[in-house]
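Here is a short briefing on one protein chain. Keep the sequence and the 3D view open while you read.

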Amino acid sequence: MKVRKFKISNIFIYAILSAWALTTIFPLVWSIMNSFKDKKQIYRDSFSLPIGKLFSLDNYNMLFERYDIGRAYMHSIIISGTVTVAVILFAGMAAYIMSRYKFHGKGFLNAVLYAGMMFPVFSTIVPNLSLLTEWKIAGQNDTALNMLAVILLQIAGNMCFAIIVLTSYIKTLPIELEEAAYMEGCNIFQIYFKVIMPLSKPSFVTVGVFSFLWSYNDLFTQMFFLRTEDDWAITVLLNNIASKEGVNYGALFSSVTLIVIPVLIVYLLLQKYIIKGMTVGAVKG
């Protein structure tokens, strides 16, 4: 049995990491606690636990009565789910080509991918808005078309990151597996879907989770294209709740909780794959 040596330096490291974790977790826990309190109790003592008479569901009941939370959630899931599937499909194919094939202009294309990550969405929103309006997609009295405008921009915004991450991971896979599959009669699509994708699952999960979270939390793009109440996604709804409810902190805390909790559940369930997908390519590539 191997005994681990105790190092004094570890105490310092763990102390810093614990303090950092507390500063990250505490605001979330504090928000959830206060979401179950009356706004008067929040003013009186925002740090007390919502136990006994302090516990109340009035904030959540008020939100579901005044706002169509279910429809906003549905829009967010449709947008983020479509973006995630499209990014995984197209970025994976592009990454496979970039990692396994040699062709003219590959170096330039690779440089363009890295350069694409340097341009924030704020710098491209005006030409994108003009283009989608000219295509009769944006600014229409049609929820589906307005959601499509958001989906197209978010797919484009996630592609560079996704291709780079997937390319780094696929390069670590032994090419002999693909050669064996080719000798067994598989074509390029069968090799990709039956060999590459299963072996690259951690990296695909990483790309999928980040694409979903970025799409889900993307308030800036959604505010430009989802302008009416019938079109709102959950982040746009939260922004409008904050502007309408003002100092009603109970409503704000409960709305933040409704938005954040699903994201946390997704991340906690898939964190093992996220970490593995982000680190394997960086270490071996």
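Predicted model: local features only at pLDDT ≥ 70, side-chain atom pairs only at ≥ 80, totals over all residues.

The protein chain has 13 helices and zero strands. Buried residues account for 38% of its 285 residues.

**Overall build**

- Read from the N terminus, the order of elements is α-α-α-α-α-α-α-α-α-α-α-α-α.
- Along the principal axes, the C-alpha atoms fill a box of roughly 70 × 70 × 35 Å.
- Take the contacts between residues at least 6 apart in sequence: 72% of them join residues at least 24 apart.

**Surface and charge**

- The chain has an accessible surface of about 17200 Å². Carbon and sulfur atoms hold 69% of that surface.
- There are 23 positive and 16 negative side chains. The centres of these two sets lie 14 Å apart.

**Largest pocket**

- The largest pocket holds about 570 Å³ of space.
- Its lining counts 19 residues, and the closest to the pocket centre are Val121, Leu153, Ala156, Gly157 and Asn158.
- Three helices each give at least two residues to this lining: H6 (125-134), H7 (143-170) and H10 (201-217).
- H7 supplies the largest share of the lining, with seven residues.

- Lys136 sits in the loop that links H6 and H7. Both of these helices contribute to the lining of the largest pocket.
- Most residues other than glycine have a negative phi.
- Lys136 has a positive phi, near 65 degrees, and is not a glycine.
- Is Lys136 buried or exposed? Lys136 counts as exposed because its relative accessible area is 58%, and the cut-off for exposed is over 50%.

**His75, in helix H4**

- His75 belongs to helix H4, which spans residues 69-100.
- His75 counts as buried because its relative accessibility is 5%, and buried means under 20%.
- Which residues does His75 contact, beyond its neighbours within four places in sequence? They are Thr143, Met147, Asp230, Asp231, Trp232 and Ala233.
- Two of these partners, Thr143 and Met147, carry numbers that fall in the range of H7 (143-170).

**To check in the view**

- Find H7 and look for its seven residues in the pocket lining.
- Then compare Lys136, exposed at 58%, with His75, buried at 5%.

Methods
Residues numbered from 1 in each chain as written. Heavy atoms only, no water. Helix = DSSP H or I, 4+ residues; strand = E, 2+ residues; numbered from the N terminus. Buried < 20%, exposed > 50% of the residue type's maximum accessible area, 1.4 Å probe, protein only. Contact = heavy atoms within 4.5 Å. Areas by Shrake-Rupley, 256 points an atom, 1.4 Å probe, with all protein chains shown as cover. Lys, Arg positive; Asp, Glu negative; His and termini not counted. Charge placed at Lys NZ, Arg CZ, Asp CG, Glu CD. 1 Å grid on protein atoms, 1.4 Å probe; cavity = no way out; pocket = protein on both sides within 12 Å on 5 of 7 lines; lining within 4 Å. Points joined across faces, edges and corners; volume = space filled by probe spheres on them.
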